[in-house]
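Work through the exercises below with the sequence and the model side by side. Try each task before you read its solution.

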Amino acid sequence: MQTCTGHLVGCCELAPAGAQLLSNAFSRENDITDILDETFTVTEDRFGELVTIELKPGGEDIPVTEENKKDYVEAVVSYRIERRVKDQFDAFMDGLLELIPKDLVNVFDERELELLIGGMSEIDM
């Protein structure tokens, strides 16, 4: 996924707990054979209703194995930092680009743009 400034984001952008969980559970050293019973899906609670989302077509029928665990981790990361918020991100970008031309947005890195949009996070009293 690309950010507002056009930079790519990856696993490090996940919340620390999510990144650590994936990293620990699916590290190369940990063999998941006969330990994990997962498929290429994620389950989310949407206003009290559990919804299963396929991470790839037919994901509900694809078990996570030692051979494809890297693909599973990449699919989960992609879903969590890109697909899950795509509509909201696209709407935000449409609004932002109505106010500021894209070539001006791309001048800033992520931290600078965050500071311009949100201001200082600390208030000096």
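This is a predicted model: local features need pLDDT of at least 70, side-chain atom pairs count only at pLDDT 80 or more; totals for chains, interfaces and linings use all residues.

Residues are numbered from 1 along each chain as its sequence is written, and side-chain values use heavy atoms, with hydrogens and water left out.

**Exercise 1.** Find the salt bridge partner of R84 and describe the pair.

Step 1. Recall the general idea. Side chains of opposite charge can pair when their charged atoms come close.

Step 2. Apply the rule: a side-chain nitrogen of Lys or Arg lies within 4 Å of a carboxyl oxygen of Asp or Glu. R84 meets it with E44, the closest N and O atoms being 3.3 Å apart.

Step 3. Helices (H or I, at least four residues) and strands (E, at least two) are DSSP runs, numbered from the N terminus. R84 sits in the loop between α2 (69-81) and α3 (86-99), and E44 in strand β1 (residues 41-46), so the pair ties together parts 40 residues apart in sequence.

Step 4. Check accessibility. Buried means under 20% relative accessible area, exposed over 50%, and partly exposed in between (1.4 Å probe, protein chains only). R84 is partly exposed at 39%, while E44 is buried at 13%.

**Exercise 2.** Describe the salt bridge between E74 and K70.

Step 1. Take the distance. The closest N and O atoms are 3.2 Å apart.

Step 2. Look at the spacing. E74 and K70 are four residues apart in helix α2, so about one helical turn separates them.

Step 3. Classify both. E74 is partly exposed at 43%; K70 is exposed at 58%.

Step 4. Look for networks. Salt bridges with shared partners join E44, R46 and R84 into one network.

**Exercise 3.** How many salt bridges does the rule give?

The count is five. Among them is E66 with K69, whose closest N and O atoms are 3.0 Å apart. E66 is partly exposed at 24%, and K69 is buried at 6%.

**Exercise 4.** Which residues make up the largest nonpolar core?

Step 1. Use the definition: buried Ala, Val, Leu, Ile, Met, Phe, Trp, Tyr and Cys residues joined through side-chain atoms within 4.5 Å.

Step 2. List the members. The 11 residues are I32, F40, V42, V51, I53, L55, V64, Y72, A75, V76 and Y79.

Step 3. Find the sources. β2 (49-54) and α2 each supply at least two residues. The largest share, four residues, comes from α2.
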